[in-house]
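Q: I am new to this structure and would like to learn how to read its features. Could you take me through them one at a time?

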Amino acid sequence: MTDQLKRAIHEAKTAKTTSNPTDKAGASSEEQNFDMSESTYKTTHTAVRKARRFAMQGLYEWLVTDRRFDQDGKLGWKDNAPHDIAARTRATNAMHTVHIGYYHEMMRDIPEQIEALDTLIGQHLDRDIDKLDTVEHAILLIGAYELQNRLEIPYKVVLDEAMKLNNHFGATDAHKLINAVLDKMATDLRDLEVQADIKANRRSSKKAAAPAAQPQPQTTDETKAVTNADDTSETPTTTGKPRLSANKAIKRPRANKAQANISDYRASKKASAQGHNEAAAAPTPESTAADVGLQDSNLVNSDEKSND
């Protein structure tokens, strides 16, 4: 390193230390500014869902404090503004996986549009909006805001995300009220989108039902000729045997082994029974000799009687 380069580095360091304090204050303020461009925070679907959850909690806190004090006329008690809630939430939670821009947008715009959003919600309620549970009120505010101002989000996604918020924070049967109110609100605010979705569902249902209702194919001359050829392939020939066909194979009968064993057993039993009867009917040599002796004695006795 040359002496000239060392001198330049030393002059730069001394110039930085001898700069006026106003420049330091300006530099520190510039360093503290947050860059809110979309390249500095998460913008995925999961990050947006987490932003809704944090916004629901922030709106709940605002509704039970400053909003309630404003309605009751206790303006001196208001000390929990939405931007303070957002700053405190960012300081006490890990927000690196949250869509920070969308979270700040909801925490800023929903309290500013609270009167208009409550009017939209009240048109589809069967009770006063003051009778709503605070959690249900916060979820309906987020759903109404997205249906009215965030047209790039499909209305079905808005309804589904509201159901997920209720499953995480709300009561057991609160989803019935939230779904009914947001569905009617979507028909008013997103009529074209709802009608297009209904038509798409009808087309898909017709396509699904079309294969089941297809008619039987009509038989043409060619198909008749093919069937006739198949039928004639099994007609008996002059020898009396059926003609073999490549399309249909003749199944030859196969003897049942069990039946063959039974028939063999019966035949053997019958043969043994016949042999036993023949053996019993045939005379033995002793019996024949005795019979002959008896006959001879009878003859002698008869001759003697005649001489006497």
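Predicted model: local features only at pLDDT ≥ 70, side-chain atom pairs only at ≥ 80, totals over all residues.

Q: How many salt bridges does a search of the whole structure find?
A: The search finds 13 salt bridges. A salt bridge is called when a side-chain nitrogen of Lys or Arg lies within 4 Å of a carboxyl oxygen of Asp or Glu. One of them joins the side chains of Glu161 and Arg49, with N to O at 3.0 Å.

Q: Where in the chain do Glu161 and Arg49 lie?
A: Glu161 belongs to helix α8 (residues 155-169) and Arg49 to helix α3 (residues 45-72). The two are 112 residues apart, and the pair links distant parts of the chain.

Q: Is Glu161 buried or exposed?
A: For this, the relative accessible area is read against cut-offs: under 20% is buried, over 50% is exposed, and values in between are partly exposed. Glu161 has 3%, so Glu161 is buried.

Q: Which residue forms a salt bridge with Lys156?
A: Asp197 does, and the closest N and O atoms of the two are 3.0 Å apart. Lys156 lies in helix α8 and Asp197 in helix α10 (residues 191-209), so this pair ties together parts that are 41 residues apart in sequence. Lys156 is partly exposed, at a relative accessible area of 43%.

Q: What is the distance between the closest N and O atoms of Asp126 and Arg127?
A: These atoms are 3.2 Å apart, and the two residues form a salt bridge. Asp126 is exposed, because its relative accessible area is 65%. Arg127 has 39% and so counts as partly exposed.

Q: At what angle do α3 and helix α5 pack?
A: A helix contact can be read from its angle, the spacing of the axes and the residues that meet. Helices α3 and α5 (residues 100-112) pack at about 35 degrees, and their axes are 9 Å apart. Their crossing is right-handed.

Q: Which residues of α3 and α5 meet?
A: On the α3 side they include Val48, Ala51, Phe54, Leu59 and Trp62. On the α5 side, Tyr102, Tyr103, Met106 and Ile110 are among them. By class, this contact of α3 with α5 has 12 nonpolar, 1 polar and 1 charged residues.

Q: How many aromatic pairs does the structure hold?
A: The structure holds 2. A pair of aromatic rings is described by the distance of the centres and the angle of the planes. Planes over 60 degrees apart count as edge-to-face. In the pair of Phe54 and Tyr103 the ring centres are 6.4 Å apart and the planes stand at 75 degrees, so the pair is edge-to-face. Phe54 is in helix α3 and Tyr103 in helix α5, so the pair ties together parts 49 residues apart in sequence. Phe54 is buried at 16% relative accessible area, and Tyr103 is buried at 0%.

Q: What is the arrangement of the rings of Phe69 and Trp77?
A: The centres of these rings are 5.5 Å apart and the planes are at 75 degrees, so this pair is edge-to-face. Phe69 counts as buried at 13% relative accessibility, whereas Trp77 counts as exposed at 55%.

Methods: Residues numbered from 1 in each chain as written. Heavy atoms only, no water. Helix = DSSP H or I, 4+ residues; strand = E, 2+ residues; numbered from the N terminus. Buried < 20%, exposed > 50% of the residue type's maximum accessible area, 1.4 Å probe, protein only. Axes fitted to C-alpha atoms, helices over the stretch in contact; angles between N-to-C directions. Left-handed = near helix turned anticlockwise from the far one by under 90°. Contact = heavy atoms within 4.5 Å. Nonpolar A, V, L, I, M, F, W, Y, C, P; charged D, E, K, R; others polar. Phe/Tyr/Trp six-rings, centres within 6.5 Å; stacked < 30°, edge-to-face > 60°.
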